Structures are given as structure tokens and as C-alpha cells.
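Morning, everyone. Please look at the screen.

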Amino acid sequence: VSALMAMCERLSHPTVQSHKPHFLALHCQEVGGKNFEESMSHVDNFVKELLSSDALKEYSRARVYLDENYRSQEHFTALGSLYFIHDSLKNIQQFDFKAKKFRKVVGKETCSETLESTPTLEKAKFPQDYFPECKWSRKGFIRTRWAMADCAFDLVNIHLFHDASNLVAWEKSPSEYSGTRQKALAYVLDRYSRYLKNQILIERYEKLPFFVFGDFNFRLDSKKVIEKLCSDATMQTIRTDNNEIHKLVFQETDNDRKVILQIEKKLFNYVNQEVFREDNGTSLLEFDNELSVFKERLHEQEIGFPPSYPYSEDSSQGKQYMNTRCPAWCDRILMSPSARDMLLKPENEEKSIVYDNIGPNVCMGDHKPVFLSFRITAGAGKPNANKHKCCVVQ
């Protein structure tokens, strides 16, 4: 239920409403929540109410894709991709990957259960050997393709692998989990541009600008962050009977040896959470390095919001982080170089591009949603070109 409410909050929140987008894209992960077997039955009714809500009354066209079939371990990703088109946007088309042509978007459609056979998207899970620690992973990605007048682009919903253990993440820099995520993201980028046939790379479809947004699970370089946070502290290692590390305790050398940080597999208890909120945590961005290996392939607007995870799910603690993981910018909106070139930034519109979070002071679940609002010009370079305002929400 909390996951469904978070989805509603994203669409009805004043932040989204104030931008009045012509095209609104919402990517969700973990549809149905953590207890999806019990909660998935509520999703369809919720979506029906959402589509008929006052917040979306001027969006008479919509496409909703929900991967709800948790009984199919081979295919289930729990991804949700929702797209809403404002009545003022007259000409928009969606690509049919089987027919290999664009089709006009009319009315509202909701697809679930059988996304594998839905022609207007491509969906896949990552190979199981990418994350052998997890017996059954839901991590995967979905692509859709859109055209507005003379502009065409892809939207990719993605969910990458998490850090299974804070202790393992601390062992080396960069962590082994970082390498797994980089491998998975490269898999997505390569898959959507080429495929291998008789040892020759062949273009599957026309290459277009793309936006990829979702839960990348990007983490700060744990070892280096801890070195900074605990530079003047001593470390105590607590081991199990099998001599495995169970807990790390960092204490000040004076001040009665005050404990400033405790780390376990799923515990990251730092004495001063304000360091992650002060100035939006920008002093820690130097440790946010997982995207650097893709600097030629992916771009991002400047981050000006606090780490998006892991927030407390207590409704009265909207700004508080849980003591489970080191806060990090897991939720991101990235784009190809050609997609970045589509973003219109007129000199007389100071805030025509906005990259921020939603609900900074209220509970939105353990992930704080982020959004990118921007304008694109249809038929760039042509006289009397129309400007379309887009908003993508993760």
C-alpha cells in the first residue's frame, strides 16, 4: 500500500502539478511493494482510480505498463512504466517494436501480466549470473519509444543491483557491487543499440536519443566515505565464532571514546545524519563515482538535492534517513549525448530545466522520488517550431 501511495504522491504532488507537463513519464520499481504477493491485488484498482483522478483530468491519453506476474520467476521485474499525454499535445506516436513503425496514441491503455508479448515495449531481466548472491532477482529494464512531431526518443526504466552487505561494500574501493552495476548498465546500453549475429554486431533498430531513469542503486564509495567520516576514529572489529566479521565499531580517540559509526551487514548507524542533508550532501558527491566510467555515453544534470535513499518510512519522519545503509543518490535520470542536445534552454528562461527531488519534507517511502522537467523543440531549426514541456519522474 505504501508503494501505491508513493506513486499517487508523485503525480499529484504540487511539484509535478506546477510544471504542467505536456508529456509526463513516471518510472516505478518494486510495483506492489516489498510484500508484492499480498499487495499486488491492490495495484489494478489503484491504477483505475489514478487514471480517473482530478490530477490527471487533462490527460486523456495514457499508457500504463505494470509487470505484475510474480509467479513467473523467469520474467518478473516488478517494474512499472506510466506515461500521460496532455490534451494540448496533438501529435504523439508510440513505436511498435514488432511492426517496426510508429502508431498514433489514442485513449488510455493498461497492460500487465503479459508484457513479454506487448509490442510497444521491450522488457528483459539481467542474467542470473550477474548477481549470484541473490537466488532470485527481480532486477531488469523496460524500453518504450516515442515520437512528438519531428522528435523521437527512447525511455528506459531500469532497476540495478543493490549492495547486499555494508561489510562487503566496505572491504575495497570501489566495491564489488559497483562493478556488478557497471556491468549491468553496460549490458543495457549495448543491448539497445546492437545485437550479435554470426559474430557481427548488427543494429536492431534505428539509434535514437534516449533517457534512462530508475533505481540505479548507485552508492557512494563506502570505504572512502568511512575514511572521511571517521578520519580521527579507531576501529574495533567484532567477529563471529566462524571468525567472520560481524560488526565494525568506530570510536573517537578522546571524548570518552564516543561511538560515531557502527556497521553491520544491514546497519549503517552514523552519529550525525546532518552531514548527508547539509548543503544537500554535496560535500559527499566526490565519492559518487559509479557513473564516471560512462562519461562518454551518459550525461546527467547537476545534482542539487540530498541522497535519495534510504529514507525512513515513518510518516512523521519525512527528512530522516534509516540506519540501514549509507545514504546515496540511488535514483537518477540520465540521458545520451543526443538526448541532452534536445533539452531546450532559452536564455530568457532561467529555470527551464529543473532536476530535483519531490516531497523533501514529507514521507514518500524509502526512496525519495526525483524528477527532470525540461522543454524540447519539435523540428529544431525550423521556423515557428513548437515547444513541448516534458517531465520525467523516478
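Start with helix α6, residues 176-191. Helices here are DSSP runs of H or I, at least four residues, and strands are runs of E, at least two, numbered from the N terminus. α6 has 16 residues and reaches 23 Å from its first C-alpha to its last. That is close to the 22 Å expected at 1.5 Å a residue, taking 1.5 Å times one less than the number of residues.

A word on the source: this is a predicted model, local features need pLDDT of at least 70, side-chain atom pairs count only at pLDDT 80 or more, and totals for chains, interfaces and linings use all residues. Residues are numbered from 1 along each chain as its sequence is written, and side-chain values use heavy atoms, with hydrogens and water left out.

Which residues of α6 are buried? Among them are Tyr-177, Arg-181, Ala-184 and Val-188. Buried means under 20% relative accessible area (1.4 Å probe, protein chains only). Their cover includes β8, β9, α5 and β12; contact means heavy atoms within 4.5 Å.

Now β12, residues 210-215. Six of its six residues are buried, so β12 is largely enclosed by the rest of the structure. β12 pairs with β9 in the parallel sense, over six bridges. Pairing takes at least two DSSP bridges between the strands. Phe-213 of β12 is the bridge partner of Asn-157. β12 also pairs with β17, residues 331-335, in the antiparallel sense over five bridges. There, Gly-214 stands opposite Arg-332.

Last, helix α7. Its buried residues are Ser-222, Val-225, Ile-226 and Leu-229. They fall within an arc of 95 degrees seen down the axis, so they line one face of α7. The arc uses directions from the helix axis to the C-beta atoms.

Conventions:
Buried means under 20% relative accessible area, exposed over 50%, partly exposed in between (1.4 Å probe, protein chains only).
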